[in-house]
Amino acid sequence: MRIKVLLFFLFTMSLTAQNNAISPGEKLVYTASYNMSGILTDLAEVTMETSAVKTSKATLLRLKCTAATYSQWDDFFKIRDLYESYVSPKSLTPYLYKRDINEGSYYKYMKYTFSHKTKAAKSQLKKKNNYEVHKTVTISTGTKDIVSTLYNLRILDYSKMSHGAQKTFTILFDAKEIKGQITYLGREQISTAIGKKECYKLAIGSNQTQVLEGKNNNFLWLTADENKIPVYGKFKIPVGNGELKIKSAMGLKH
């Protein structure tokens, strides 16, 4: 089981909305659970953090996501993953993306440098034994990496969506564009570790059946407020099902 599947479950559309929900200094922590022999078991912690990064030309927003198995599971399958995207603070358009995967004996490093004007992304892939591949990938208008796409989900105006409204999205993943879709299912109040929350409920789908299974098996709940933070998710993949549950939220903008 790859933590990237837990993360991909969350990721949705790339639109041109302006950011009024996310600022530097935010930290969200989640528990990742997986169904093992019929029992939902807490396996890992996922942390999402934001910070400001100054370059010679501009100040960018760094979106950092880490995933790590709890220590009692490290002997079984140790995971230490890092995903990060450097984006425009206003539009969350990505300029640089890095992904460093360490899962058991598996290692993979991926880097994208985006050129949205030329609709291209330079990719760099590294694996063990000094295996390295460089290529330039043609991208569509609005294509983003997996992390910036997740954060873009939070700057959409769900209050103006009707029940059943659908949106499509495109993610650059493993140097290929992946198509996906969300369906807005209205509001629902749920209990979380940070209290009862009125939420927007979304159904998540993808044309990649090896990542997510079915049209009605994957759901995400975002707080129905100005922050729109993900607080709960349910997913189904070819090898099982699981959940993402928020543990704590700090440094919120609103």
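A residue is called exposed when its relative accessible area is over 50%, and buried when that area is under 20%. The close-up views below are drawn from a predicted model.

**View 1. Asn-129 in the loop between β7 and β8.** Asn-129 has a relative accessible area of 75% and is therefore exposed. The backbone of Asn-129 has a phi near 65 degrees, a positive value in a residue other than glycine. Most residues other than glycine have a negative phi.

**View 2. Ala-175 in the loop between β9 and β10.** This loop lies between β9 (166-173) and β10 (176-192). Ala-175 is not a glycine, yet its phi is positive, at about 65 degrees. With a relative accessible area of 14%, Ala-175 is buried.

**View 3. Thr-41 and its contacts.** Thr-41 belongs to strand β2, which spans residues 39-54. Its relative accessibility is 18%, so Thr-41 counts as buried. When residues up to four places away in sequence are not counted, Thr-41 touches Ala-32, Ser-33, Tyr-34, Met-36 and Trp-73.

**View 4. Ala-32 in strand β1.** Ala-32, one of the residues that Thr-41 touches, is found in strand β1 (residues 27-36). Ala-32 is buried, because its relative accessible area is 2%. Ala-32 and Val-46 are 14 residues apart along the chain, and their C-alpha atoms are separated by 6.8 Å.

How values were computed
Residues are numbered from 1 along each chain as its sequence is written. This is a predicted model: local features need pLDDT of at least 70, side-chain atom pairs count only at pLDDT 80 or more; totals for chains, interfaces and linings use all residues. Side-chain values use heavy atoms; hydrogens and water are left out. Helices (H or I, at least four residues) and strands (E, at least two) are DSSP runs, numbered from the N terminus. Buried means under 20% relative accessible area, exposed over 50%, partly exposed in between (1.4 Å probe, protein chains only). Contact means heavy atoms within 4.5 Å.
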